[in-house]
Amino acid sequence: MIQQIKHKQVGKFEDTKFEKIHNEIFEDSYEASKIVAAEIADLIREKQEKGEACVLGLATGSSPIKVYEELVRLHKNGELSFHNVITFNLDEYYPMDAENRQSYYYFMHQHLFDHIDINPENIHIPNGQVSQEELNQYCIDYDMKIKQLGGLDFQLLGIGRTGHIGFNEPGSHINSGTRIITLDHITRRDAASDFNGIEYVPKKAITMGVSTIMKSKRIIMLAWGHKKASIIKETVEGQVTSNIPASFLQNHPNTTMILDQEAASELSRIKTPWIVSQCVWTDNLKLKAVTWLSEELKKPVLKLTDKDYNEHGMSGLLSIEGSAYNLNIKIFNKLQHTITGWPGGKPNADDTNRPERRSPEKKRIIIFSPHPDDDVISMGGTFSRLIEQGHDVHVAYQTSGNIAVTDEEALKFAEVADQLSLSSEETNFKKIIRFLNSKTTAYGDSSETRKVKGLIRRMESYGATRYLGLDDSKVHFLDLPFYETGEVKKNPVGPADIQLISDLITTIQPHQIYAAGDLADPHGTHKLCLDAIFESLASIKHLDFMKDCWVWLYRGAWHEWDIADIEMAVPLSPDEMNKKINAILFHQSQKDRVMFQGEDSREFWVRAQERNRNTALLYDNLGLAEYEAIEAFKRYHF
């Protein structure tokens, strides 16, 4: 695969009639990042053998972090030296102090430069402190340095949701060079979590220009996650336009886009492969195709005709199934069988076509919640239903969630606690009040402050679970160590995190586990928490009780499962939906000023309500029963 990516020279991608940029899709970003790092390492070694400098263009943001980690690993293992490497970074906020923790200078040294043997004089990062008077000449000189070295041998890129490369926002010209640019609102909103609010995100940046990037001999662009899916489709399949600067790469002779499955999910060959080429019609693909056609034509599944299928590239599917009538009935029944009011299984009922087993009648259940509110936001109705139906339900909050509590909220609680204290001595609360009143940076809380913020989340969780009828003894706060950095950037998941999860599962020996499968979380905690669960399951799956354990994945406040992925749909009545909302509202610290909002400005209870109602509406439009709301789950097989 490394050689395939490295040496495939492409102008127009020929694998499908839609794609205009060569791209490779991987199961996950970890494996993909290793392969990209291997190509960079090969290039560096090749240049070393020739006695030449290797000129790299580097990117920042979350996408290249794993690439840099792998390059650092290769260096520390003695497999790679950077003594001949010269780097030029794409961009930097303006104005920006290099030592600021939000600067790209700080980012690059934290993730790469401080851990390798590169000559500091060979590191070039746009200077966010250049004066306005010197800025124009500074940008010209930045491009001239690259030109004098013979251009960039390799350019690593990410892509923003606006389609920007570097900070070349929509409207950037193909001939643009390094310059100052005003950041798009979407770009600033996406960076808000790093700056503790959009109001603190700089409005300008220095960026390498489109022309400079396009002169690179080799370009690899990285894109991870479903939030990038729509812009990836436009970049790869749309027209070349300055409204999507990344689309200029269609005209570069040696570009490859490296995608994970979610980032590639909107590409035609993934989303609607039947309109691209001949398909191998698996059961899941049949379900995906029929529900897509129903939504596309706004017709219930049972009303689709032979003509509908033939006109939308599915004649091959009809030839397998015999007729639209037969296929419609099959898919309708499959969808209907996902719906259940008994998420823990219905006692004394035929479970042949039900999502869950009927026995044991009363199941032991663990609901894993990455933050102290994901449980009620994502599956509060199902949570309540499981308790009401008599199951032994436990909820495990994987992280403290302290970083999502604002300083103002923590200060309010500390002041109340201090006022209630009869002591005139220096209490922890007085220390916290003094710390918060003198705090000048977005993050870096003291341990006492983190504890208070964590306790705020913890007490809110107790309020919600008590309201749903769960005894306090069934509520577990794991406080996984990887999270406790006090900053957006977390530590890697380690053995201690996995052991805490394994110990809980082994103690309870559940028949059902619910876990958050929503990877759109703006600060990545959901993915780390899910990875920790998966690693834990892998380590204990040999135990006897695990043979009877099923894992169901829910999605959070940002995204819902595609209809073809839903394997259990739990309908909620209006009263149950109201109960779910009330449980969410116990999390008051997350109600009015959400620290990690993502691209959706609505409050979490509004998002959850509309998402669940939209899922119910989707089932209704497909011709199934009409419900107030539906929570959806997908089974994970370990």
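At what angle do the axes of helix 18 and helix 21 cross? In this predicted model, local features need pLDDT of at least 70 and side-chain atom pairs count only at pLDDT 80 or more, while totals for chains, interfaces and linings use all residues. Residues are numbered from 1 along each chain as its sequence is written, and side-chain values use heavy atoms, without hydrogens and water.

The axes of helix 18 (residues 447–468) and helix 21 (residues 574–585) cross at roughly 155° and come within 8 Å. Axes are lines fitted to C-alpha atoms, for helices over the stretch in contact, with angles from 0 to 180 degrees between N-to-C directions. Helix 18 is therefore roughly antiparallel to helix 21, a label for angles over 145 degrees. Helices (H or I, at least four residues) and strands (E, at least two) are DSSP runs numbered from the N terminus. Ala464, Tyr467 and Leu468 of helix 18 meet Lys579, Asn582 and Ala583 of helix 21, where contact means heavy atoms within 4.5 Å.

The largest nonpolar core has 59 residues, and Tyr309, Met314, Phe368 and Ile505 have the most contacts inside it. Such a core is a set of buried Ala, Val, Leu, Ile, Met, Phe, Trp, Tyr and Cys residues joined through side-chain atoms within 4.5 Å; buried means under 20% relative accessible area (1.4 Å probe, protein chains only). Helix 20 (residues 525–540) gives the most to this core, with seven residues. Another core, of 45 residues, lies apart from it and includes Ala37, Ile65, Phe167 and Ile220.

In helix 9 (residues 229–237), the buried residues include Ile231, Ile232 and Val236. The buried residues of helix 9 pack against strand 1 (23–26), strand 9 (219–223), strand 10 (255–260) and helix 10 (268–271).

Notes. Buried means under 20% relative accessible area, exposed over 50%, partly exposed in between (1.4 Å probe, protein chains only). Angles under 35 degrees count as roughly parallel, over 145 as roughly antiparallel, 65 to 115 as roughly perpendicular and the rest as oblique.
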